[in-house]
Amino acid sequence: METKLVRIAEISATSKHPIFTSVYHLINEDMLKQCHKELDGNKAVGIDKVTKDEYRKNLDRNIKELVQRLKNKSFKPLPSLRVYIPKGNGKKRPLGIASYEDKIVQMAVKKILGAIYEPRFLNCMYGFRPNRGCHEAIKEVYQRISYGKISYIVDADIKGFFDHIDHDWMMKFLEWNIQDKNLLWLIRKYLKAGIMEQGKFEPTEEGSAQGSVMSPMLANIYMHHVLTLWFKLVVQREMQGECFLVNFADDFVAGFQYKSEAERYYKELKVQTSRQKFEQKVRAYKNWIYDNRNRPMREIIKELNVKLIGHYRYYGVTWNGFVEMLKYYPLAKPKTYYCLY
């Protein structure tokens, strides 16, 4: 199994645009048993409460049945269990805890994705990678600032990055190098598996839950396509002065020699509501207004304002229209509540 992964990594490293059409078969009994062996048995359990020790009692049978379900595509991931852990700023970070069997399968997928993408990730990426971490990222930034011509910094933290990864774009990015329909099917299954919180199921139309074995790899693949490649192939080529990028998960620092070029980059990172999500919101509002059309106008506008403020707080969009109606029933004005920089 390891030999095959090494070969995949070699092909990925030496090909300009490698395409892998048959890798799903690598998720066999040997790989899944190896993943079971590597998993930490002290981690939190998922919604089925199955531990590593319990799964190990009938390991051979469990793995055989799992392989069969994966082969005939009757395999269905369980929803992740939503838990919250405290953050340093007093807030809480949501995590998704998968079932133990799902952790095994996710680790197998992670190994395959790692073999394909690790050779392709740029050196500026430091999050969730072998022999790299936050200290190496900080050192890179320090050296760039101390010994280069860098005078201006753009420091960004993508708010809610893991929870709002676009599934359609995620799959498009994967399809650029992976055309194994079975593996893509399995990854999409996990993206759409849903969340259980306080006994209630919530579908996952976007995002890849933090805490998932596979999530860090998917996050890196996403950032590779939307941030680091863009910086290398577009930003760097357009800049006259020295510049650099250091990325760690949903955080990144970009440095520039000239102020005008730092400001230009900053403006190009402007947050906008995606057209697809915007249209979905408009349709949802239209349906809600239709369902509540018989209520008093004052109540409708009051509740609509609550919905609009929630939308504005996340997207910070501007909205013009309904001019005549606004004279009588003013809506909450859009405002940017959060700045990413």
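Two strands are said to pair if DSSP finds at least two bridges between them. Helices (H or I, at least four residues) and strands (E, at least two) are DSSP runs, numbered from the N terminus. The structure is a predicted model, in which local features need pLDDT of at least 70, side-chain atom pairs count only at pLDDT 80 or more, and totals for chains, interfaces and linings use all residues. Residues are numbered from 1 along each chain as its sequence is written, and side-chain values use heavy atoms, with hydrogens and water left out.

The protein chain contains 13 helices and seven strands. Of its 341 residues, 42% count as buried (under 20% relative accessible area, with exposed being over 50% and partly exposed in between; 1.4 Å probe, protein chains only). Contact means heavy atoms within 4.5 Å. Among the contacts in the protein chain with a separation of 6 or more, 70% come from residues 24 or more positions apart.

Strands of a sheet pair through backbone hydrogen bonds, either parallel or antiparallel. Three strands form an open sheet in the order S3-S7-S6, with antiparallel pairing. Strand S3 (152–157) and strand S6 (243–248) are the edge strands, each pairing on one side only. From one strand to the next, the twist averages 10°; axes are lines fitted to C-alpha atoms, for helices over the stretch in contact, and angles run from 0 to 180 degrees between N-to-C directions. S6 is joined to strand S7 (residues 251–256) by six bridges, and the two run antiparallel. Phe244 has Gly255 in S7 as its bridge partner. Helix H6 (residues 134–147) lies across S3, S6 and S7 and runs at about 165° to S6.

Cys243 is a residue of strand S6. With a relative accessible area of 10%, Cys243 is buried. Leaving aside neighbours within four places in sequence, Cys243 is in contact with Arg144, Ile150, Phe231, Gln236, Gly255 and Phe256. The C-alpha atoms of Cys243 and Ala254 are separated by 7.2 Å, the two residues being 11 residues apart along the chain.

Strand S1 (residues 80–86) takes part in two pairings. With strand S4 (residues 195–197), S1 pairs in the parallel sense over two bridges, and Leu81 stands opposite Met196 in S4. With strand S2 (residues 92–97), S1 pairs in the antiparallel sense over six bridges. The bridge partner of Val83 in S2 is Leu95.

Two packed helices are described by the angle between their axes and the distance between the axes. The axes of helix H2 (residues 29–38) and helix H4 (residues 59–71) come within 10 Å and cross at roughly 125°. H2 is therefore oblique to H4 (angles under 35 degrees count as roughly parallel, over 145 as roughly antiparallel, 65 to 115 as roughly perpendicular and the rest as oblique). Glu29, Leu32, Lys33 and His36 of H2 make the contact with Leu59, Asp60, Ile63, Lys64, Leu66, Val67 and Leu70 of H4. By class, this contact of H2 with H4 has six nonpolar, one polar and four charged residues; Ala, Val, Leu, Ile, Met, Phe, Trp, Tyr, Cys and Pro count as nonpolar, Asp, Glu, Lys and Arg as charged, and the others, Gly among them, as polar.

His224 lies in helix H9 (residues 215–238). His224 counts as buried because its relative accessibility is 5%. Not counting residues up to four places away in sequence, His224 touches Arg120, Phe121, Leu122, Met125 and Leu229.
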